[in-house]
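Look over the sequence and the structure first, then read on.

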Amino acid sequence: MMQHEDEAIEAENDGFDNDSAYAGSSYGSGSLTETLSSTIARGVEEHGRTYAAYGNEEYGLPIDEEELDRIDMSHAKYVMLLEKKLFLAPITESPQKILDIGTGTGIWAIEMAELYPSAEVLGLDIAPVQPQWVPPNCIFEIDDVEMPWTLAQDSYDFIHARDLLLSIRDWPKLVDQCYKTLKPGGYLELQCIYPRLKCDDDSTPHDSGLWMFSNYALDASTKMGAPLDACTRYGEYMATAGFEDIVERRFKLPSSPWAREKRMKLIGAFELHNLLRGVSAMSLRMFSKAYGWSQSQIELFLVQARKDMQNTRYHSYYDFMIVYARKPGGSAPGSEMQGQ
């Protein structure tokens, strides 16, 4: 079942600046040996940014402080878009085990651990960038989720992943591993921004830097082996793995503060901040690997995109996609928690 939050966003030409950002934090490395931990924690330098040093495939985004701040701000943006919900799946009222794939800074896992103090919340990532001080029921481990899982089968009530951009090469395999790890009746929820630009009123010229960046990013990610349009096939992957009660929802996310309604205007401001800070991070390794472009060529390409991002006369938006599904068996779902 697919649902689209299709109500048009009312536009307003006057934008506003939103320069707020989260302060930096101190991050620890977890349970690896000291030598290995040091190597992984340092990462590798490329294009003046720091990338993960662990994993079977190259992750397309940096893991430095600038990127971690952007991830935390994106979390706030998504929670606002979902009206303070962390997820939409109608999970059990008392989940015992929750898994967050590609946990990043760990902010979603930490908030879930606080929301469900009786649950064990495990966050997995290839980079040790999570905070050391977390709720006692929240733990983080370094792992590459594209490698064979060592988690017990039929052991988790809820598995979640958000914005696994430029990171997964084999989505059917990942979804299948989620299926095997979930308890009967457990839920998988995948959330992701779909970076294909949209505009309902034709205010964004198709030769603008925004359209060009969107088109090139989708093409380059496919060439790189980690397609950014994989989110449009989440439901298909889930059905193939054996999931049932598949629900897909799409939420319009303005690319800048052009909307008239206050909440959507603020969300657009968050997204503009995200784009301005994140467009280089997303582009450097992706365009270098796909097209062989140099850093200077990439930055030159992004000049017009950055300019057009800030033009509130362009009423463009992206779809934020959420797809969740249930593993057959177990007791039928009762009340819908939906992120409380």
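The protein has eight helices and 10 strands. The model is a predicted one. Of its 340 residues, 56% are buried. Among contacts between residues at least 6 apart in sequence, 76% join residues at least 24 apart.

**Helix α8**

Helix α8 runs over residues 295-309, which is 15 residues. At 1.5 Å a residue these should span 21 Å, and the end C-alpha atoms lie 20 Å apart, so the two values agree. The helix also has a kink of about 30°, centred on Leu302.

Leu302 is one of the buried residues of α8 as well. What do the buried residues of α8 pack against? Their partners are α5, residues 209-224, and α7, residues 262-291.

Two packed helices are described by the angle between their axes and the distance between the axes.

| Pair | Angle between axes | Distance between axes |
|---|---|---|
| α5 and α8 | roughly 125° | within 7 Å |
| α5 and α7 | about 55° | 9 Å |

The axes of α5 and α8 cross at roughly 125°, and therefore α5 counts as oblique to α8, since this angle falls between 115 and 145 degrees. The crossing of α5 past α8 is left-handed. On the α5 side, the contact is made by Gly209, Leu210, Met212, Phe213 and Tyr216. On the α8 side, it is made by Phe301, Leu302, Gln304, Ala305, Asp308 and Met309.

For α5 and α7 the angle is about 55°. That value lies between 35 and 65 degrees, so α5 is oblique to α7. This crossing is left-handed too. From α5 the contact includes Phe213, Tyr216, Ala217 and Asp219, along with Ala220, Ser221, Lys223 and Met224. From α7 it includes Val279, Met282, Ser283 and Arg285, along with Met286, Phe287, Ala290 and Tyr291.

**A residue in α3**

Leu115 belongs to helix α3, which covers residues 107-115. Is Leu115 buried, exposed or partly exposed? Its relative accessible area is 29%, so Leu115 is partly exposed. Leu115 and Leu86 are 29 residues apart in sequence, and their C-alpha atoms are 9.8 Å apart in space.

How values were computed
Residues are numbered from 1 along each chain as its sequence is written. This is a predicted model: local features need pLDDT of at least 70, side-chain atom pairs count only at pLDDT 80 or more; totals for chains, interfaces and linings use all residues. Side-chain values use heavy atoms; hydrogens and water are left out. Helices (H or I, at least four residues) and strands (E, at least two) are DSSP runs, numbered from the N terminus. The expected span of a helix is 1.5 Å times one less than its number of residues. The bend at a residue is the angle between axes fitted to the seven residues ending there and the seven starting there. Buried means under 20% relative accessible area, exposed over 50%, partly exposed in between (1.4 Å probe, protein chains only). Contact means heavy atoms within 4.5 Å. Axes are lines fitted to C-alpha atoms, for helices over the stretch in contact, and angles run from 0 to 180 degrees between N-to-C directions. A crossing is left-handed if the near helix is turned anticlockwise from the far one by less than a right angle, and right-handed if clockwise.
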